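Biologist: Could you take me on a close look at one part of this model, strand by strand? I'd be glad of the cut-offs along the way, and a word on the whole chain at the end.

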Amino acid sequence: IDDRIYQAGLDLFAFPKLGEKTNLIISAEANVARYEDLSVVDYNEVQVQAGIRQRLGTRSYGQLNWRYQDLSTPGSDSFFSSNYMELLLSRRDILNNRTWLDAYNQARLSISLLYQLFLDDYTETSRHDTYHQVLAQFSHDLSKTTRVSLFTGFRFGRSSRSNVDFDDTIYGASINVNLPLF
């Protein structure tokens with residue numbers, strides 16, 4: 001779809017300690033996505049995540065997650081849902097007390113770039129997608145609870161359905177505000 005998309009969301013996140021180097025990860029997230037011109041493709045998203053994070057070194061960790069994702073049209077029923085497991089290896093380099101650089105390995109690979117390879121094979125419809133995404137992201141803490149991020153990149157790939165086109169440029173900015181509940 002050749003259009004601008006605007007997204008807003010809320011994420012509740014818990015990170016209780018299970019051991020000296022191990023944490024449980026639990027999150028629930030709700031997002032709305034609205035297109036500038038093509039409102040017929042607007043959608044709502046709900047994601048739930050549960051996993052274990054293990055510190056591997058002073059700046060690195062491994063994480064195993066289960067995720068559930070559901071997409072629905074505004075005021076309507078679900079049109080897509082998925083359950084999947086993911087393994088993530090990460091490293092964080094602190095540039096100063098408010099700025100850092102994250103590197104991920106998971107079919108993700110980078111120092112300042114994030115590379116993702118997606119292989120999607122749908123079970124309830126005859127469709128298989130293979131696409132790549134390369135992103136660069138810079139994050140800066142404005143305060144202890146507020147972070148601003150700028151990102152840019154591109155996506156390319158193919159689908160077994162001829163009307164699906166993954167070739168696109170991605171850019172944007174995000175502001176994360178963390179409000180501790182406990």
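**Around strand E4**

Modeller: Happy to! Strand E4 runs antiparallel to strand E5 (residues 78-96), and 13 bridges join the two. Strands here are DSSP runs of E with at least two residues, numbered from the N terminus, and two of them pair if DSSP finds at least two bridges between them. Please keep in mind that this is a predicted model, where local features need pLDDT of at least 70, side-chain atom pairs count only at pLDDT 80 or more, and totals for chains, interfaces and linings use all residues. Residues are numbered from 1 along each chain as its sequence is written, and side-chain values use heavy atoms, with hydrogens and water left out.

Now for the whole chain: the secondary structure comes to 11 strands and zero helices, a helix being a DSSP run of H or I with at least four residues. Of the 182 residues, 28% count as buried, meaning under 20% relative accessible area with a 1.4 Å probe, protein chains only. Among contacts (heavy atoms within 4.5 Å) with a separation of 6 or more, residues 24 or more positions apart account for 37%.

Key. Buried < 20%, exposed > 50% of the residue type's maximum accessible area, 1.4 Å probe, protein only.
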